[in-house]
Amino acid sequence: MSNPLKIFITGATGHIGGTFLMTLLKHKDVSNFQITALVRSEERGEKLKSLGINVVKGSYTDEDLSVLTNEAAKSDIVFAICDADTLPPTQAILKGLKINFEASGKAPILIHTVETNLGIITDKSGGLASEHYVWSDYDTEKLNALPESVIHRNVDNAILEADKAGYVKTYFIIPSTVFGEPADKTLVDLGIQNTTSGVFKYFITPYLGRKQGGYFGKGLNQWNLISVQETADLYIALFDAIRANPDGPGHGTEGYYFGESNLFFYKDLAAAVSEALVEVGVGISTEPSPFTPEEVETLVHPVIAQMVGSNSHAKGDRSRALGWKPTSTKEDLFATIKKEVKALYVK
């Protein structure tokens with residue numbers, strides 16, 4: 001019997017990570033996998049153990065990150081689905097993967113999550129225009145030329161350098177606006193999976209103070225969307241493609257995989273939030289309105305203001321070439337708004 005494939009997952013109880021973990025547990029080859037998850041608490045660890053998952057206690061914010069190094073050193077593949085902005089944890093994982101390579105002579109795999117394409121490919125339209133450059137995940141020349149000042153980029157560059165050095169094969173999964181619930185709610189029912197999209201706090205929180213959806217400029221800027229289950233399915237599609245043909249899927253500077261299914265106008269999202277606020281009894285109008293300069297100063301951080309007034313339009317051409325077929329729509333996204341508003345506002 002061959003040795004099991006050793007898989008290490010960070011962020012395994014998050015919105016995306018938990019959905020991926022439960023999808024992985026349904027994989028046809030799961031009996032050949034040895035899955036270890038990073039957890040912050042003993043309670044979460046015990047509940048994951050009940051599902052047959054090995055656990056190690058630690059976090060990306062620990063002063064001592066050796067647990068990340070140690071686990072990466074023992075793993076054939078690491079799925080990093082936790083915090084794309086903090087460099088030391090990524091360096092700790094890369095250190096462990098290098099130890100692995102030096103001991104085995106075979107480059108292990110790192111599949112790193114860049115949280116959202118909103119940060120890396122946004123323009124500065126201020127909500128005034130929907131005409132913009134449409135990025136493809138095949139646009140590697142442009143993507144590799146992104147400056148270090150771009151959000152997440154210092155972490156990405158460290159990963160790219162590791163791939164270039166040859167001791168690890170690295171891949172970037174870059175979701176867009178992630179929404180919805182997992183198909184398998186086991187971790188939700190156990191009370192250990194986050195079901196609220198992290199990106200929505202940037203959309204909805206500023207609205208609560210004004211009790212009405214808001215937008216920048218004319219609200220004509222467009223963003224991509226993707227359901228959380230489709231995001232998890234993209235990890236599986238890439239995972240399976242690498243296992244089937246290790247030299248097939250692009251990696252390193254050719255290893256960008258956008259997660260997107262459809263587009264929405266920001267003004268339409270603001271309208272959905274306005275309607276939801278009225279439905280939960282706190283909204284003043286079902287129609288959104290433009291943010292005033294004063295509101296930008298008091299309700300929205302300037303960096304967030306620039307982001308939510310931007311266009312972020314990507315095409316997951318490389319992702320679809322794996323056989324991945326997302327189908328979610330803007331109507332699916334807007335249907336989740338009321339739940340998200342309640343999660344953030346109604347206690």
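Hi everyone, let's start with an open sheet of three strands, in the order 8-10-12, with mixed pairing. Strands here are DSSP runs of E with at least two residues, helices are runs of H or I with at least four, and both are numbered from the N terminus. Two strands count as paired if DSSP finds at least two bridges between them. The edges of the sheet are strand 8 and strand 12, each pairing on one side only. On average, neighbouring strands are turned by 40° against each other, direction ignored; axes are lines fitted to C-alpha atoms, for helices over the stretch in contact, and angles run from 0 to 180 degrees between N-to-C directions.

A quick note on the model: it is predicted, local features need pLDDT of at least 70, side-chain atom pairs count only at pLDDT 80 or more, and totals for chains, interfaces and linings use all residues. Residues are numbered from 1 along each chain as its sequence is written, and side-chain values use heavy atoms, leaving out hydrogens and water.

Now, the pairings. Strand 8 (residues 177-179) runs parallel to strand 10, joined by three bridges, and Val178 stands opposite Ile226. Strand 10 and strand 12 (residues 262-265) are antiparallel, with four bridges; Gln222 has Phe265 as its bridge partner there.

So how enclosed is strand 10? Six of the six residues in strand 10 (222-227) are buried, so the strand is largely enclosed by the rest of the structure. Buried means under 20% relative accessible area, exposed over 50%, and partly exposed in between, with a 1.4 Å probe and protein chains only. Gln222, Asn224 and Ile226 point one way, while Trp223, Leu225 and Ser227 point the other. Helix 11 (residues 266-279) lies across strand 10 and strand 12, at about 70° to strand 12.

On to the cores. A nonpolar core is a set of buried Ala, Val, Leu, Ile, Met, Phe, Trp, Tyr and Cys residues joined through side-chain atoms within 4.5 Å. The largest has 36 residues, and Ile7, Phe20 and Phe79 are among those with the most contacts inside it. Helix 10 gives the most to this core, nine residues. Apart from it lies another core of 33 residues, including Leu38 and Phe258.

Finally, Ile7 itself: beyond neighbours within four places in sequence, its contacts (heavy atoms within 4.5 Å) include Leu24, Phe33, Ile77 and Phe239.
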